[in-house]
Each structure stands twice: as structure tokens, then as C-alpha cells.
Amino acid sequence: MIPLTVVDVRDAEPLVIEVLRSGGLAQGPMVGRFEDAFARVAGTAHAVAVNSGTTALVAALQALGLRPGDEVITSPFTFVATLNAILEAGATVRFADVSREDFALDPDAVARVIGPRTKVLLPVHLYGQVADMGKLAPLAAEHGLHLVEDAAQSVGSAFEGQAAGSYGLGCFSLYATKNVTTGEGGVVTCDDDELADRLRVLRNQGMRARYRYELAGHNYRMSELHAAVGIPQLARLDELVAARRHNAKQLSTGLAGTPGLAVPAVLPGRSHVWHQYTVLIGPHAMLSRDELAAELTGRGIGTGVYYPSLVFDHDCFRGHPQIPAVSPEQFPVAHRLTQEALSLPVHPALTESDVDTVVREVREALGA
Ligand SMILES: *Cc1c(COP(=O)(O)O)cnc(C)c1O
């Protein structure tokens, strides 16, 4: 079996043992070390570690002081955490369709839904490629919107040299299967000193000095053990990304021309960190996306479907007071992606022969 993801954090052992021996388990110097290393990767003045990617998004939105009725524009083609965070922060969500090229917010679609209550633009940098920030950042500036980036899948990627998470408030996930992991964890990055300060206070029950509360906060803190797991991966991030890029290139070379299959594009000016290598299985392919996924499982190849439905298209969200009525047909590009997107193994633990096997089995299954 060639799995879709392999988690290898064996190099964290010495630092984890250091924490265990110290007896200091709650947020402390190891978290500080992790934050310093992460800020260097994101190219930002600040990195505030929290306990998940979801809480990173919630904290970022809370730091902006949104009021009920304020709107956040985001993608309907994302993980549910993006939506849950907006709802938890008390804002109203507005969706805009995505682009088929990068699977992320389409700037023209965004422009059409910006209204008088819009306060935040929240692009999702899906699969490891940054959204079209060349257009989205000026659009946000023109309308006075805050930028919150869901960069959960895109640590280390960039748009024209500017790192994911450095455009406004960058929200990263360190979940077990993400490109950099602490098991569970998250980070908010930014350049703004005041926002960073508010995030640190929010994360710690709204408390700066002991038992003096400045605002209604939460416990979003990361533990020392989690930070220790993440530090060595940040040190070898370039190497890990290079391995993913190498595998992606091999896959695209090998899969090019497979009938009914489109390989993912790296768009001009963007760097891709290949959290997922996602192909599109079009209507003229020999098998549907779901049939191909089942066939590949039978052939020992792990696959993933991110995502099988639009994020709002579930009973628990219908009629939700913070989600204006929407239907999948209003987002034709994203809707089609839910039927066609299939992720193949691209992780750094793949050998050359694993990649060759993935290519061969996919081509065979599609009659190439
Ligand atoms: C993983 C992920 C999140 C949530 O991160 P957690 O650490 O699991 O809370 C948010 N958005 C996207 C796009 C993700 O992939």
C-alpha cells in the first residue's frame, strides 16, 4: 500500500525529551522558539502559536473585533474549519466561487459579493498554492477589508516572493497530516504589533498580568510538547518541500496526456508546496472520480477527496442565521470540483519507484 500521507517526526525526540525532563509542559520557552522559527518561514514580524488551525482562524477573526452582521467572504471549496471559525467569531459568511486553475477564490467572483457590511476577505490557499493575491490583496485594500488567510495547507509557499500568511493575518494548521505538524496546533502570523499583542492576550484568557483581564479571551495556548515536535520540521522545511516538488514534477510528467485527467498547474509567479497533489477527473474519463478512487484503493494506492461537497451543503448549516441561503449551483466551478478533484500521494516519504507505481496504476486504470 502507498498511503496518501506519512507522518515522520522521529527527529523531534531529543527536544520532546528535553521538555519532559524540564517538567514545564504548558506554553513556555519551547513555544517561543517555535514561534521565532515560524515567523522566519512566514516572513512576518510575529507568529503566535495556538492549539489548532481552527483556533488560529477564530482568534484572527476575534482580534479584528467583528460585530454581528459583519461579513466575511470566503471560498465554499474548503475544509469545514474555515466556515466553523467564521460562525464562532459571530460574523456572517458570504461565499464566492473559485477558479479552476488554483482551486482558490476567483477575484472577479469576490468583487461581485463585496457589499457595505463586508469587513474581511478570507482566501483559502488550497493544496499548497497561494490564491491570486496579486488581485485579491489590492481588492481588499480598495474596499478597506481586512485580509485573513487560511494558509492551513500552505506553509512555506509564496506569491511573487511574498510568503503565504504575510498579507494580513495568516492562519496555519499544524494538524497531524499537514506539511508541518505538531500533532495538533496552529499559528497566526502578522506584521501588525497591535494585532499580535491582542492575539497573545486573547490566547491567554484575555489576561496580560496575572488575574487582570483586558478582554473576554480563551485558552488557545500551545503546549511545550507540541512546540518541540514542530521545531525540527521547520529547520528542514526546505528539504521537505523540495521532496514534495520533486514528486509532483514526476507525477505531472508521468500523468500528462492521460485521457480525461488534468494535472494540477503551478501558476506564474507562484510557488507550490504540494500539501496535496490534486488531479481533475473530467466527464470524458473512462472512470468517474469515485470509481477511480475505488479502483486505486484496490491497486494499493491511497487517495483523498478534498472536498466531496461544498462546505455549506450540509443539513446543519441550512437556515443558519449567519449563512444566507445558498445552493451549490451558484458556485458552478467549485461545484464541479467537488465531483472531479482527486488527491494522489506526493509526500516526502515516497520513493522514485512509489511515484512510478502511482503513475502506472492511474494510467492503467484510465485506459492510457
Ligand atoms: C486543516 C485545515 C484547517 C483546520 O486546521 P486544524 O488544525 O485541523 O484545526 C482549516 N482550514 C483548512 C483549509 C485546513 O486544511
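Which domains does the domain assignment give for the protein chain? In this predicted model, the assignment divides the chain into domain 1, spanning 10–235, and domain 2, spanning 237–365. The C-alpha centres of these two domains are 24 Å apart.

On one side, 47 residues of domain 1 take part, and they touch 36 residues of domain 2. The size of an interface is often expressed as the accessible area that is lost when the parts come together. Here, about 3500 Å² is buried between domain 1 and domain 2, and carbon and sulfur atoms give 62% of that area. Of the area that domain 1 buries against domain 2, 22% is supplied by Arg100, Tyr127 and Asn179, more than by any other three residues.

Two salt bridges are counted between domain 1 and domain 2. The side chain of Arg100 also forms a salt bridge with that of Glu340, with an N to O distance of 2.7 Å.

Which elements give two or more residues to the side of domain 1 that touches domain 2? They are the helices α4 (80–88) and α8 (224–235), together with the strands β3 (92–95) and β6 (158–159). The element that gives the most is α4, with five residues. Sorted by class, this side of domain 1 comprises 24 nonpolar, 15 polar and eight charged residues.

How values were computed: Residues are numbered from 1 along each chain as its sequence is written. This is a predicted model: local features need pLDDT of at least 70, side-chain atom pairs count only at pLDDT 80 or more; totals for chains, interfaces and linings use all residues. Side-chain values use heavy atoms; hydrogens and water are left out. Domain bounds come from an automatic or database domain assignment. Contact means heavy atoms within 4.5 Å. Buried area is the accessible area (1.4 Å probe) that two parts lose on being put together, summed over both. A salt bridge is a side-chain nitrogen of Lys or Arg within 4 Å of a carboxyl oxygen of Asp or Glu. Helices (H or I, at least four residues) and strands (E, at least two) are DSSP runs, numbered from the N terminus. Ala, Val, Leu, Ile, Met, Phe, Trp, Tyr, Cys and Pro count as nonpolar, Asp, Glu, Lys and Arg as charged, and the others, Gly among them, as polar.
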